[in-house]
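Please follow the account below with the sequence and the coordinates side by side.

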Amino acid sequence: MTTLEKAGPEQTDATRTAPLLEVRDLHVEFHTRDGVAKAVNGVNYSVNAGETLAVLGESGSGKSVTAQAIMGILDMPPGRIPKGEIFFRGQDMLKMSGEERRKIRGQKIAMIFQDALSALNPVLSVGYQLGEMFRVHQGLSKKDAKAKAIELMDRVRIPAAKERVGDYPHQFSGGMRQRIMIAMAMALEPDLIIADEPTTALDVTVQAQVMDLLAELQREMNMGLILITHDLGVVADVADKIAVMYAGRIVETAPVHEIYKAPAHPYTKGLLDSIPRLDQKGQELYAIKGLPPNLLRIPSGCAFNPRCPMAKEVCRTDVPPLAAVSDTRASACHFWKETLDG
Ligand SMILES: Nc1ncnc2c1ncn2[C@@H]1O[C@H](COP(=O)(O)OP(=O)(O)O)[C@@H](O)[C@H]1O
Ligand code: SF4
Ligand SMILES: [Mg+2]
């Protein structure tokens, strides 16, 4: 696109109707001593305001690397983005200056990490760290920033916020610390939050509480939410749609209730079958056989073929494109019809 077109009215209209975030054909690779690790190999997904997208996949499938590319915090080098676009409100962030990028980070797009203890500064009080957001970005006085910090702690339902505002991160439980991370991410009322395994380190009951809180605040503030997880069980109630990742690609996308009813990709089916279910107590849990591929040597054809119970000859030679299953669904499997029919 030329500079003239960029400044023209077409771009303004496009910006108005564009999804909040759209990732297009994103590729990320890491240049290591052993070779090039292809971590992200053509990811496409989008999120609208008020919508929750769950990104699901085993460890090493490229979920976090995609998030880091969106957030602009990828380690470069060794990381490199050879191809792709990341549109935020219709503007490609990969073409923005460092300054423009910084303005978006934290204020428009915020991130919540799995490990609150290492994300928070151990020698500063929680109130100070929350208040800092307002002092730095909104120029509030120390006193006003502290009041805002207490307000935020109340909002994420930390009991006795007023008394605890001076406490340090290690004085809070894991669940409470994750609430503090959520408060921090919400502080500047961003348009989009990326939560990368936000509850993975927590007990199951606490997981559900933190997930519910996140979903409630997201609805209240009409934010977009990208929820990264390896656990399909925790996102079922809060996500609108799911993108399943394998070896750096999206292999299936669908509205959440449809994917539960009938997956259109054998990998998704494997993930679903490995969720513990209350009505099947005592039965041995299914596990997908084998391991995710080495990203230095991704198998030819469908990357899942060495592990797939439905693999045929064509799977070893031809990469299945992410093809439409319906208006709202897509699957990257040569045999999605057979899979869908069970
Ligand atoms: N800083 C890095 N240097 C080299 N390789 C990396 C780096 N970060 C990620 N990778 C590679 O990218 C792969 C995908 O990582 P990641 O996105 O973190 O997976 P996950 O789906 O578990 O979040 C890793 O298995 C690793 O091979
Ligand atoms: S393309 Fe073949 S190997 Fe890949 S998921 Fe489908 S059936 Fe399995
Ligand atoms: Mg990860």
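Leu21 stands opposite Phe88 in strand S4. This pair belongs to the contact between strand S1 and S4 (residues 79-88), where the two strands run antiparallel and are joined by seven bridges. The model examined here is a predicted one. S4 also pairs with strand S5 (residues 91-92), again in the antiparallel sense, over two bridges. Here Phe87 has Asp92 of S5 opposite it. S4 and S5 form a hairpin with two residues between them, and in this turn Arg89 has a positive phi of about 50°.

A further set of strands makes up an open sheet of eight, in the order S6-S7-S8-S3-S9-S10-S12-S11, with mixed pairing. Strand S6 (109-112) and strand S11 (323-324) each have a single partner strand and stand at the edges, so one side of each lacks a neighbour in the sheet. The partner of S6 is strand S7 (residues 192-196); the two run parallel and are joined by four bridges. Within this pairing, Ile109 has Leu192 in S7 as its bridge partner. In a regular strand, side chains alternate between the two faces of the sheet.

Val126, Gly127, Leu130, Gly131, Met133 and Phe134 are buried in H6. An α-helix has 3.6 residues a turn, so residues three or four places apart point the same way. The cover over the buried residues of H6 includes helix H7 (142-155) and helix H9 (174-186). Just after H6, Gly139 takes a positive phi of about 65°.

Helix H13 (residues 266-273) leads back to the sheet. Its buried residues are Pro266, Tyr267, Thr268, Lys269 and Leu271. They pack against strand S3 (52-56), strand S9 (241-246) and strand S10 (249-255), and also against helices that include H11 (232-235), H12 (256-261) and H15 (336-340). S3, S9 and S10 are among the strands of the eight-stranded open sheet.

What surrounds ligand 2? There are 13 residues around ligand 2, and the closest are Cys302, Cys308, Ala311, Cys315 and Cys333. The shell around ligand 2 divides into ten nonpolar and three polar residues, with no charged ones.

The chain as a whole can now be considered. Its secondary structure comes to 15 helices and twelve strands. For 342 residues, a compact globule would have a radius of gyration near 20 Å; the chain has 21 Å, which agrees. Along its principal axes, the C-alpha trace spans about 70 × 65 × 45 Å. Of the 342 residues, 40% count as buried. Among contacts with a separation of 6 or more, 64% are between residues 24 or more positions apart.

Key. Residues numbered from 1 in each chain as written. Chains lettered and ligands numbered in written order. Predicted model: local features only at pLDDT ≥ 70, side-chain atom pairs only at ≥ 80, totals over all residues. Near = placed C-beta within 6 Å. Nonpolar A, V, L, I, M, F, W, Y, C, P; charged D, E, K, R; others polar. Buried ≥ 20, exposed ≤ 12 C-beta atoms within 10 Å, placed from the backbone. Contact = placed C-beta atoms within 7 Å. Pairing = 2+ DSSP bridges. Rg over C-alpha atoms; globule rule 2.2 N^0.38 Å.
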